[in-house]
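This report describes how two chains meet, how one of them is divided, and what lies inside. Please keep the sequence and the model in view while reading.

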Amino acid sequence: MNLLRTLRKVGAFFKRDFAIARGYRGALLLETLEALFGVATFYYLSKFVDSPELARELPAGSNYFAFALVGFAFFDYLSVSLGAFDTSLEEARQNRTLEALLVTQTSLPVIVFGSAAYPFAALALRTCVYLAWGALIFGFAPRTANWPGAVMILLASILAFAGLGILSASYSLLFKRGNPAKWIVLGLAGLLGGMMYPVTILPKPLQMVARLMPITYSLEGMRAALLDGAAWRELWPSFAALLVFAAILLPISLAVFSWSLRRTKITGTLTHI
Amino acid sequence: MPAPAISVEALEKYFPPALSGWRALLHPFARPTERALAGVSFKVERGEAVALMGPNGAGKSTLLRILATLIIPTLGRATLAGFDVERDASGARRQFGYHTGGDEGFYGRLSGRENLAFFAAMNNIRRAAAKEQIARVAGRMGIGGDLDRQVRTFSTGMMHRLGLARALLHGPAILLLDEPTRSLDPLAAADFRHLLKEDLVRQHGVTLLFASHTLSEIEEIADRAILLDEGRVIACDSPRGICASTGAANLEGAIACLTRNPVTAEALR
């Protein structure tokens, strides 16, 4: 009953954000074009840097364009996961709806999760647009892809990244603005997670640091599933690592969030901008 | 015997001091030393209209926000229809509607109906029931004909009515209002006051606790007024009773006298 009620509320958040986004139809067209420019940039960059040496470092059967395209498209998931929860809080504070929401019979965690529903759905669409541009114009051809495997890796990644996102939202609850943790995580993930180049080309100590970040396993698994058509058995290590991250990060982040919420209700800064 | 609509017992609230620069990072962990409420106690019976009045910083909004479960008190206890606002916040939230006098707090790109439907869902009202309830409440507020317009095109007065409609969606027995007629023109404010007193309190038996600086509004709506100063209750009586106890001709004079502002008090006497 409670789960059903929560799902209904998440649906209401989705409907709200979809209706608001519908009011900005031009933006959707511009984002689609922006994706095309991004994909084209990777295509010409890959023509410039592709070499037999680089090919040896890439997953079997792929080229640098496909490697970078998958890295770029799925790095977005980390970025949105880190931002979606605290952005929803920030927006509600800015348009003064947070107070009105908090006096309803909906708890703040549901408000925060519900507000992230639309950004995640929009992100899935954006990822499809990236891959579609790659396939339609630039010869990206994931013919052997293990799509169910890719979906499982994606879901496990979202769970693992959500833990980081909730920690980020806790920071936003307490300190309101300027979230250095978010930028440090994104910066480190961009540098070490293997978005634009394989982790194997990094010095050994940095490779060890990369192994402590969920994005590394997410990109490895996603590339193996999409570019190499890896079987479930081969995807399992990345999938399991992501679940371990989720199992550690989610309870910790929810406890931190709950503590931060109580703290802001004590300091009276819950709705402060 | 049913619990009073609102019961506040020895409520105290301290906030951490404001910190600036890098020390602002310590604010969430700072010791609360700034007193906002100092042992406030009162009861509001069902169907009563009670005003909170007092100078800026007296603690009116803090008190309302504690009752609205937005702030946790430092000491003391408050209940709404028997539900403790701290220990059973979700039970308490079912009992009240909360509206602040601003004309913000809505999604401007959505219509009035879409806004109300969203907040109805947040209050666990099923879609079919919400549709009926929205029509009923909006009709009562006099905005039924404008519900399909985007909220950003609403006037301030309509936003207030929409805010009140939102607060009433789940049929609460208690209304908590913070400066309900702030930023309304005199005619719209008079209209809004009439709506509160005649329709909600008299006809529907809603309990009303509102903070206001507009003394004529307090005299018109409130059965009783609570005067707060520096976080303490310094008077609690009917507006006429408060005037009589100080010998002042009006509430303004009574407040000046009771809040130890002798110059203004003498001028108003």
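## Contact between the chains

The contact takes 29 residues from chain B and 29 residues from chain A, where two residues are in contact if their C-beta atoms, placed from the backbone, lie within 7 Å. This is a predicted model, in which local features need pLDDT of at least 70 and side-chain atom pairs count only at pLDDT 80 or more, while totals for chains, interfaces and linings use all residues. Residues are numbered from 1 along each chain as its sequence is written, and chains are lettered from A and ligands numbered from 1 in the order in which they are written.

On the side of chain B that touches chain A, helix H2 (89–93) and helix H3 (112–122) of chain B each supply at least two residues, and H3(B) gives the largest share, five residues. Helices here are DSSP runs (H or I, at least four residues), numbered from the N terminus.

The table sets out the classes for two contact sides, with Ala, Val, Leu, Ile, Met, Phe, Trp, Tyr, Cys and Pro counted as nonpolar, Asp, Glu, Lys and Arg as charged, and the others, Gly among them, as polar.

| Side | Classes |
|---|---|
| Chain B, touching chain A | 16 nonpolar, seven polar and six charged residues |
| Domain 1 of chain B, touching domain 2 of chain B | five nonpolar, one polar and one charged residues |

## Domains of chain B

Chain B is assigned domain 1 (6–95 + 172–237) and domain 2 (105–171), with bounds that come from an automatic or database domain assignment. Taken over C-alpha atoms, the centres of domain 1 of chain B and domain 2 of chain B are 24 Å apart. Seven residues from domain 1 of chain B and eight residues from domain 2 of chain B form their contact, and helix H6 (residues 186–203) of chain B gives the most to the domain 1 side, with three residues.

Not counting residues up to four places away in sequence, Ala165(B) touches Leu116(B), Val137(B), Ala138(B), Met141(B) and Ile143(B).
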